[in-house]
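The following note sets out several points on the structure shown here.

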Amino acid sequence: MTFHIIRAADTQPQPWKNGMGTTREVARFPTDAGNDDFLWRVSVAEVNSAAPFSAFPGIDRQIVLLEGDGFTMTLDGAREHALVVPFEPFAFSGEARVEVTMAGGATRDFNLMIRRAWGHGEVRALAQEGSHEPDASCVLLYVARGTVTTIDGELQAGDAWLPDRSPFELAEGSVVLMALAQPN
């Protein structure tokens with residue numbers, strides 16, 4: 001294992017900020033920051049019930065369904081978004097009060113959080129087989145499905161890579177999520 005690869009098996013479940021679900025933190029920056037002072041954070045949450053999301057004031061969030069039937073998010077009691085299509089990012093404010101209606105059983109989703117005062121970012125899904133170079137603002141590459149070959153080694157589904165500017169190879173049928181973050 002190299003410093004740049006984060007194996008799925010090395011991420012430990014931890015309770016959501018509100019204690020009503022579990023998540024596995026993949027990475028945060030700075031690495032020694034807490035929940036109140038990270039600049040960006042990536043995690044994979046397990047949504048097993050209609051528990052409300054934790055509030056993260058001052059944070060912009062992007063969520064992506066990884067597996068399962070998904071759920072419908074009701075934001076601030078008014079706006080709804082059905083998170084039911086895998087690998088399609090959805091952006092929302094960390095201040096939003098988010099209630100969930102499950103579409104079926106348990107789901108897993110990818111989350112990017114960025115401190116609004118520091119910067120901005122987004123999640124991009126990439127499914128095109130072949131060689132690619134990370135975007136200059138890519139802080140993390142997450143293998144959502146299949147395999148990816150990097151200069152640091154091969155990644156399986158659930159693994160992540162903290163990229164340099166080296167190219168990576170996406171195998172046939174694979175999907176990666178690129179977490180982009182940059183200062184304002």
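1. A residue is called buried when its relative accessible area is under 20%, exposed when that value is over 50%, and partly exposed in between. The model under discussion is a predicted one, and the term is applied to it throughout.

2. H132 lies in strand β12, which spans residues 130–132. Is H132 buried or exposed? Its relative accessibility is 14%, and because buried means under 20%, H132 counts as buried. Leaving aside residues up to four places away in sequence, H132 touches L126, P167, F168 and L170.

3. T74 belongs to strand β6 (residues 71–75). With a relative accessible area of 17%, T74 is also under the 20% limit and is therefore buried. Which residues does T74 touch, if those up to four places away in sequence are not counted? They are R79, E80, R97, V98 and E99.

4. Strand β10 covers residues 107–115, and eight of its nine residues are buried, so that the strand is mostly covered. Two other strands pair with β10. Strand β4 (residues 40–47) runs antiparallel to β10 and is joined to it by eight bridges; here V42 has L112 of β10 as its bridge partner. Strand β5 (residues 59–67) is likewise antiparallel to β10, again with eight bridges, and V64 of β5 is partnered by F110 of β10.

5. In secondary structure, the protein has 18 strands and zero helices. The radius of gyration is 16 Å, close to the 16 Å given by the globule rule for 184 residues, so the protein is as compact as a globular protein of that length. Along the principal axes, the C-alpha atoms fill a box of roughly 45 × 35 × 25 Å.

6. How much of the contact set joins residues at least 24 apart? Among contacts between residues at least 6 apart in sequence, the share is 64%. Buried residues account for 46% of the 184 residues.

7. Two further values concern surface and charge. The accessible surface comes to about 8,500 Å², and carbon and sulfur atoms contribute 51% of this area. The protein carries 14 positive and 25 negative charges, whose mean positions are 6 Å apart.

Definitions and conventions:
Residues numbered from 1 in each chain as written. Predicted model: local features only at pLDDT ≥ 70, side-chain atom pairs only at ≥ 80, totals over all residues. Heavy atoms only, no water. Helix = DSSP H or I, 4+ residues; strand = E, 2+ residues; numbered from the N terminus. Rg over C-alpha atoms; globule rule 2.2 N^0.38 Å. Buried < 20%, exposed > 50% of the residue type's maximum accessible area, 1.4 Å probe, protein only. Contact = heavy atoms within 4.5 Å. Areas by Shrake-Rupley, 256 points an atom, 1.4 Å probe, with all protein chains shown as cover. Lys, Arg positive; Asp, Glu negative; His and termini not counted. Charge placed at Lys NZ, Arg CZ, Asp CG, Glu CD. Pairing = 2+ DSSP bridges.
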